[in-house]
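Thanks, everyone. I'll take a few minutes on one model, and I'll go from the overall fold down to single residues.

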Amino acid sequence: MRALLVASPVETSAQQMDECLGRIAQGDLSALETLYHQTKSAVYGFALSILKDVSDAEEVMQDVYLRVYSGAVGYQPQGKPMAWLLTITRHLALTTLRKRGNVISLVEQDARSAFADAPGEDGLLLQAALRLLKDQERQVVMLHAVAGLKHREIAALLELPLPTVLSKYQRSLAKLRTYLTQGEGQA
């Protein structure tokens with residue numbers, strides 16, 4: 001459990017992602033494929049944490065990569081390409097929520113299928129995070145644990161004060177620890 005709760009290093013460096021985005025701007029579809037494979041878990045997890053609907057999250061994820069392909073020409077490398085991707089994800093997810101006009105709770109079966117590929121404890125933790133945590137808590141955990149963002153980057157992305165992000169993260173960890181150590185009924 002601890003390995004997931006402490007942000008794993010981002011598998012792709014910002015420089016590599018910036019290079020991919022530069023190649024995408026020149027129309028290189030293989031660079032888009034590379035970027036997709038390197039970032040899809042973080043983009044999908046973040047979209048799902050906002051939307052709480054597997055179908056909507058998949059649709060938003062597709063739209064994100066379409067936006068990346070069409071908008072890569074205007075991308076200005078600043079060393080934070082993942083933040084750029086997740087900002088696009090956030091805007092598209094919030095637009096989807098506004099269009100939908102309500103929030104649909106993520107049913108347990110959707111949570112299981114959403115992270116069926118996640119190994120053992122990681123999959124259980126992600127499922128628990130989707131069910132147990134409040135919206136912003138879930139987003140903070142997903143951005144830190146899945147996307148590997150630092151707390152200050154999460155604060156900027158979610159437009160929250162850093163102390164708020166830190167406290168939400170700590171409260172979320174406590175809830176998840178309780179769930180994993182004492183069982184579902186105790187959380």
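Ground rules. This is a predicted model, where local features need pLDDT of at least 70, side-chain atom pairs count only at pLDDT 80 or more, and totals for chains, interfaces and linings use all residues. Residues are numbered from 1 along each chain as its sequence is written, and side-chain values use heavy atoms, with hydrogens and water left out.

The fold, then. The protein has 10 helices and zero strands. Helices here are DSSP runs of H or I with at least four residues, strands are runs of E with at least two, and both are numbered from the N terminus. Of the 187 residues, 44% are buried. Buried means under 20% relative accessible area, exposed means over 50%, and partly exposed is in between, with a 1.4 Å probe and protein chains only. Now contacts, meaning heavy atoms within 4.5 Å. Take those between residues at least 6 apart in sequence: 68% join residues at least 24 apart.

Next, the core. A nonpolar core is a set of buried Ala, Val, Leu, Ile, Met, Phe, Trp, Tyr and Cys residues joined through side-chain atoms within 4.5 Å. The largest one has 46 residues. Which members touch the most others? They are Ile24, Leu35, Val64, Val68, Leu86, Leu143 and Leu149. Elements giving two or more residues to this core are α2 (14-25), α3 (29-51), α4, α5 (81-100), α8 (135-145), α9 (151-158) and α10 (162-182). The most comes from α3, with 11 residues. As background, nonpolar side chains tend to be buried together in soluble globular proteins.

Look at Leu86. Leaving out residues up to four places away in sequence, Leu86 touches Ala42, Val43, Phe46, Leu143, Ala147, Leu149 and Leu157.

Now compare two helices with their expected spans. The expected span is 1.5 Å times one less than the number of residues. Start with α3. A straight helix of its 23 residues would reach 33 Å at 1.5 Å a residue, but the end C-alpha atoms of α3 are only 28 Å apart. There is also a bend in α3, of about 60° at Thr39. That bend is the angle between axes fitted to the seven residues ending there and the seven starting there.

Helix α4, residues 54-71, is the other case. Its 18 residues should span 26 Å, and its end C-alpha atoms are 25 Å apart, which agrees. At the N-terminal end, Asp53 is the cap, with a side-chain oxygen 3.3 Å from the backbone nitrogen of Ser55. The buried residues of α4 are Val54, Asp56, Ala57, Val60, Met61, Val64, Tyr65 and Val68.

On to the aromatics. How many aromatic pairs does a search of the whole structure find? It finds two. Rings of Phe, Tyr and Trp (its six-membered ring) pair if their centres lie within 6.5 Å; planes under 30 degrees apart count as stacked, over 60 as edge-to-face, and the rest as tilted.

Tyr36 and Tyr65 have ring centres 5.1 Å apart and planes at 75°, so this pair is edge-to-face. It links helix α3 to helix α4, with the two residues 29 apart. Tyr36 is partly exposed at 29% relative accessible area, while Tyr65 is buried at 7%.

Tyr75 and Trp84 have ring centres 4.6 Å apart and planes at 50°, so this pair is tilted. Tyr75 is buried at 9% relative accessibility. Trp84 is partly exposed at 22%.

Most residues other than glycine have a negative phi. Lys52 is not a glycine, yet its phi is positive, about 60°. Lys52 sits in the loop between α3 and α4. Is Lys52 buried or exposed? Buried, with a relative accessible area of 12%. Glu159 also has a positive phi of about 60° and is not a glycine. Its place is the loop between α9 and α10. Glu159 is exposed, at 62% relative accessibility.

Two last stops. Gln139 is in helix α8 and is buried at 11% relative accessibility. Not counting residues up to four places away, Gln139 touches Phe46, Ser49, Ile50 and Leu158. Leu132 lies in helix α7 (residues 120-132). Its C-alpha atom is 7.8 Å from that of Leu176, which is 44 residues away along the chain. Leu132 is partly exposed, at 26%.

That's the tour. Thank you.

Terms used:
A polar contact is a pair of N or O atoms within 3.5 Å; within protein, one must be able to donate a hydrogen and the other to accept it, and residues adjacent in sequence count only if both atoms are side-chain atoms.
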